[in-house]
Every structure is written in C-alpha cells, then in structure tokens.
Amino acid sequence: MYEGPLPRMEQLQRTVPLATVLRCRLIRSQLHGKQTCLDMYEEADDSLEDEPEDELGTWLIRAIHSRDTLGRHTYTIYIPPSQLDLQAGRDFGEPVGRVRANAMGSAFKIYEPSEDQQWQEACVVLYKVSLLGQRGPRTMKVIIRAVDKDGKVMNSPQDRQSLLERYRHGADTHLIVLENKRPQWNAEIGTFVLDFFNRMLMPSVKNFQLVHPEDIDYTVLQFGKDSPNVFALDIWYPMNPITALGIAISSIQRKIACP
C-alpha cells in the first residue's frame, strides 16, 4: 500500500484510504540488548500471486525507546535504515514521529513532522487513572486532528493551541475523539471478551479496538497480542501508520496508575 512516487515520510503520514484496511504486525525486540525496539510490517496480501514471499511483509517503520533523567519515556519512530545508514553504524533512517508519555503512563502525545519540519502534535491518548489498583478493562480516549474524505488534515483556527486544550474547550469540529470499545463480561468463561475476528490470539489488557462513540460498529484501529513479543495492528480511515503505531505504543508501555 505504501509504495509509489511520494517520499516515504509523506506516504506514512497519509491516512489509510476509505473502505481499505492496512493489516500490520509489530515485532518487539531488544536493540543490541539494551533499547526496546518495535518494528512494524505491512502484512503481505495473500490474494496477490506476485506478492514477494516474505513472512513478515514490508518493513514500514521502527520505534526505539529511550528514557530521560526524570524517568519519562519517549519512543522515536524512524523509517527503516538504508544501506548507507547501516554502513554508518545506524540502526534507523529518517525520524518520522515521536511518542512521549507522562510519568504515570496515563497520557501520551504523538508528534509528526510538519511541512516546515517542526514537530507538531498529531494525537493525544488518555487513559483513565485507577489509583486503587482496580483490575479489569482499560478505558482510553484518543484525540486526533480531523481530516477530509481524501485524508488531508483540516486546518483549525485553534491550531496554535494543544490538542488537549482544544478538546477541553469543547465544540471543536476540527478534532476527532475516539474511545475504546468496551468488552462484555462472559459469565461462562469468567472474563471480559471482545471480538477481534481471529486477529489476536492472546488475551491481554493491552488489546483494544478504537471506535467513534456515535458509530461503535465502525472500527478505526484494533490492536492485540499474538505472542509475548508479536502484536497485530489493523488500521482504517482516518488513521495513518505513524499515529497508529504511536497509539499501540501507548498501550504496550508500562503504566503506574492504570489497570
């Protein structure tokens, strides 16, 4: 899906087209035994006979974890390294995104490069805090910038404000607010369940589906665990791969005050 004449960064910032799903796989590993690394692959389309036979599919982006002196977690998202990068001893290419968490792991900000190559907010992820150690499904809210039917970001008079400020002021038609679909309790097996259409193999509090509260039957993003270090990530309009990976990272990252 992400091939053609456009520069790689522009391709990755484009939303998934309407009526299309981008199915991806995330592989978690330790880079040189030190830094957590997440590699995101677009899965091969089994319906295409001329698709290259690659078990992992097309390598789209890589996220590398770091931590500052105050203990705050950051992931920088890069395009895969070129041969020149590898020859220079670099494990990554050009940066295309950043994910920053607060100290409690209850709020995350996702940044993407703007047209003038400055970092701009693309998404905010908020988790409901549980200070009493309550167990059960998480509650998450995701705020992204509104896009038109062609996937172009709609400019807002409030663009100078942060996404969180705009959300708290309310009535901003240039924002899209998504929520995780609530799992239902299944008394027969004694757990909460959500239908992931056979895409996720392991039950986990990290698994989620994002929907719009006014249309819970349309899934925008679904994420879940296949094995301890392999995750499935399915992306629909109006999400792009960089933001989708950032939201997935927010779910994987350890949280002090969330289930």
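Close-up 1. Tyr78 is buried, at a relative accessible area of 13% (buried is under 20%, exposed over 50% and partly exposed in between, with a 1.4 Å probe and protein chains only). Phe92 is partly exposed, at 27%. This is a predicted model, where local features need pLDDT of at least 70 and side-chain atom pairs count only at pLDDT 80 or more, while totals for chains, interfaces and linings use all residues. Residues are numbered from 1 along each chain as its sequence is written, and side-chain values use heavy atoms, with hydrogens and water left out.

**Close-up 2. Tyr41 against Trp59.** Aromatic pairs here are rings of Phe, Tyr and Trp (its six-membered ring) with centres within 6.5 Å; planes under 30 degrees apart are stacked, over 60 edge-to-face, and the rest tilted. That rule gives 5 aromatic pairs. Tyr41 and Trp59 make a stacked one, with 6.2 Å centre to centre and 25° between the planes. Tyr41 sits in strand β2 (residues 35–42) and Trp59 in strand β3 (residues 58–67), so the pair ties together parts 18 residues apart in sequence (strands are DSSP runs of E, at least two residues; helices are runs of H or I, at least four; both are numbered from the N terminus). Tyr41 is buried, with 12% relative accessible area, whereas Trp59 is partly exposed, with 26%. Back to Tyr78 and Phe92: they also form a stacked pair, at 4.2 Å centre to centre and 25° between the planes.

**Close-up 3. A trio of Phe rings.** Phe208, Phe223 and Phe231 are linked into a cluster by ring pairs.

**Close-up 4. Inside the largest nonpolar core.** Such a core is a set of buried Ala, Val, Leu, Ile, Met, Phe, Trp, Tyr and Cys residues joined through side-chain atoms within 4.5 Å. The largest has 45 residues, and Leu233, Ile235 and Ile247 have the most contacts inside it. Helix α4 (residues 241–252) gives the most to this core, with 7 residues. Leaving aside neighbours within four places in sequence, Leu233 is in contact (heavy atoms within 4.5 Å) with residues including Leu22, Met40, Phe223 and Ala248. Apart from this core lies another, of 5 residues, among them Val124 and Ile143.

Close-up 5. Val129 lies in the loop between β7 (119–127) and β8 (140–145). At 40% relative accessibility, Val129 counts as partly exposed.
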